[in-house]
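Hi,

Here is the structure I promised to pass on to you. My notes on it follow just below.

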Amino acid sequence: MKCYKCQSLDKVKAGFTRGLQRYKCKNCGCFYSVESKSDVKSPEQRRLALEMYLEGMGFRAIGRVLNISYRTVYQWVKKWGESISLPKSQEHIEIVELDEIHSYIQNKKNYCWSWIAVDRFGKRYIDFVCGKRNTSTFKKLWNSLKDREINGFCSDYWKSYSELIPTEKHWESKAETFTVESYNSRIRHYLARFKRKTKCYSKKQFMLENSLKLLFLKLNSCSLEL
């Protein structure tokens with residue numbers, strides 16, 4: 001970096017100012033600093049890291065490719081996931097399909113289930129919750145759906161659905177969950193932590209939720225403001 005007064009490259013380090021490296025020009029004695037911190041990553045690099053993450057790469061793999069710390073990638077995804085939410089549209093929906101997909105928290109003995117709601121004809125993710133495979137977890141998802149204008153719900157025969165969904169609006173059949181099951185396969189394709197026989201896993205449930213929010217916004221063709 002040249003001195004902005006005399007354009008000399010002859011300089012010595014002279015501490016920091018506002019967190020930036022400061023230099024003293026040996027030719028004219030002027031003090032100046034670099035334009036940005038040496039460890040600051042560009043918006044393009046941050047965007048690329050997110051795109052790689054949502055294409056199925058894990059934090060460590062992204063770190064190796066971009067030559068940055070995997071912890072930096074983790075912090076980016078964590079921050080992005082915490083800053084967004086799925087839009088809550090109140091438009092009419094003809095059919096909502098419901099299903100569960102499992103992943104792990106910390107180890108493969110600790111299952112975590114993600115309950116997914118998909119608009120069959122709108123071809124989009126509506127909402128989800130993560131937790132155990134029981135009625136109390138599904139109730140959280142049901143509470144976000146029950147007051148919306150939805151004609152009917154399709155699910156498999158898991159007991160939690162029939163306990164909460166009114167019979168007149170509920171169709172139970174594996175043949176009626178083809179849309180949500182195909183969308184579950186997209187989750188396993190795009191997120192490393194959901195792949196079968198993967199070495200990637202979630203240490204905390206909130207990272208699982210952050211990852212799903214980011215992916216659902218992408219697959220719903222919503223813009224991600226970083």
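Helix H7 (residues 205-219) lies across E4, E5 and E6 and runs at about 175 degrees to E6. Helices (H or I, at least four residues) and strands (E, at least two) are DSSP runs numbered from the N terminus; angles run from 0 to 180 degrees between N-to-C directions, with axes fitted as lines to C-alpha atoms, for helices over the stretch in contact.

Please keep in mind that this is a predicted model, where local features need pLDDT of at least 70, side-chain atom pairs count only at pLDDT 80 or more, and totals for chains, interfaces and linings use all residues. Residues are numbered from 1 along each chain as its sequence is written, and side-chain values use heavy atoms, leaving out hydrogens and water.

Now the sheet: five strands form an open sheet in the order E6-E5-E4-E7-E8, with mixed pairing (two strands pair if DSSP finds at least two bridges between them). Strand E6 (124-131) and strand E8 (170-172) are at the edges with a single partner strand each, so one side of each has no neighbour in the sheet. Helix H4 (residues 135-145) also packs on the sheet, touching E4, E5, E6 and E7, where contact means heavy atoms within 4.5 Å. Strand E7 (residues 150-155) pairs with E8 in the parallel sense over three bridges, and Ser155 has Glu172 in E8 as its bridge partner.

As for the whole protein, it has seven helices and eight strands, and its C-alpha trace spans about 85 × 40 × 25 Å along the principal axes.

Best wishes
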